[in-house]
Amino acid sequence: MENSGGIQGNITAGLAGRYAVALFDLARESNAIDAVAKSLATLKTGLADSADLSALIASPVVSRTDAANAIAAVAKALKLDSLTAKFLGVLAENRRLADLPKMIDAFDSIVADHRGEVTAKVTSAHPLTAAQLKELTANLKSRVGRDVTVATTVDPAILGGLVVQLGSQLIDGSIRTRLNSFASAMKG
């Protein structure tokens, strides 16, 4: 198993990390890293878009057999690669589907590290345009000196600006934080 210091630390620390490392090792041996990453991205989107799928993976009352059958149908419907489909079957059999979102995030981090990339989690009040995303990626790349993969989320509660998490570094340029700082300063 190839583990650099970055992977060995936080990513493999928990159960989700160990499953992600096992999936990554299998994908690397099969030359299927890109296919698995694409399938997991599709699955992550499916989990975000489907309350039924989210309920399926979180439910402790669904039997192993029913979970395995349902997740196999999901894998077929989403046209996931065979390695990812088998992985999901193992998760269903081991009653670990609830940890799937964490496993996907850990796998993404392992792949990024393997490719020499850094992943930045960016939260904005409104969806970023392609031009904004391109400029942000270029700025982050110049800051860290490595390729940067940007994962975006939208949270209207930040009101405006951006919150960027780059590894352990958090850059909070949100209007909400600025207003809270201003309010604290006004209190004296």
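Author: Domain bounds are those of an automatic or database domain assignment. On that basis the chain is divided into domain 1, residues 7-113, and domain 2, residues 116-186. The C-alpha centres of domain 1 and domain 2 are 27 Å apart. The C-alpha atoms of the chain fill a box of roughly 60 × 35 × 30 Å along the principal axes.

This is a predicted model, in which local features need pLDDT of at least 70 and side-chain atom pairs count only at pLDDT 80 or more, while totals for chains, interfaces and linings use all residues. Residues are numbered from 1 along each chain as its sequence is written, and side-chain values use heavy atoms, with hydrogens and water left out.

The pLDDT, which is the predictor's confidence in each residue from 0 to 100, averages 89 over the chain, and 93% of the residues score at least 70. Over residues 1-9, however, pLDDT stays under 50. For residues 1-9 the model has 12 contacts beyond four places in sequence, a contact being heavy atoms within 4.5 Å.

Contacts also describe the chain as a whole: of those between residues at least 6 apart in sequence, 67% join residues at least 24 apart. Of the 188 residues in the chain, 33% are buried, that is, under 20% relative accessible area with a 1.4 Å probe, protein chains only.

Terms used: Buried means under 20% relative accessible area, exposed over 50%, partly exposed in between (1.4 Å probe, protein chains only).
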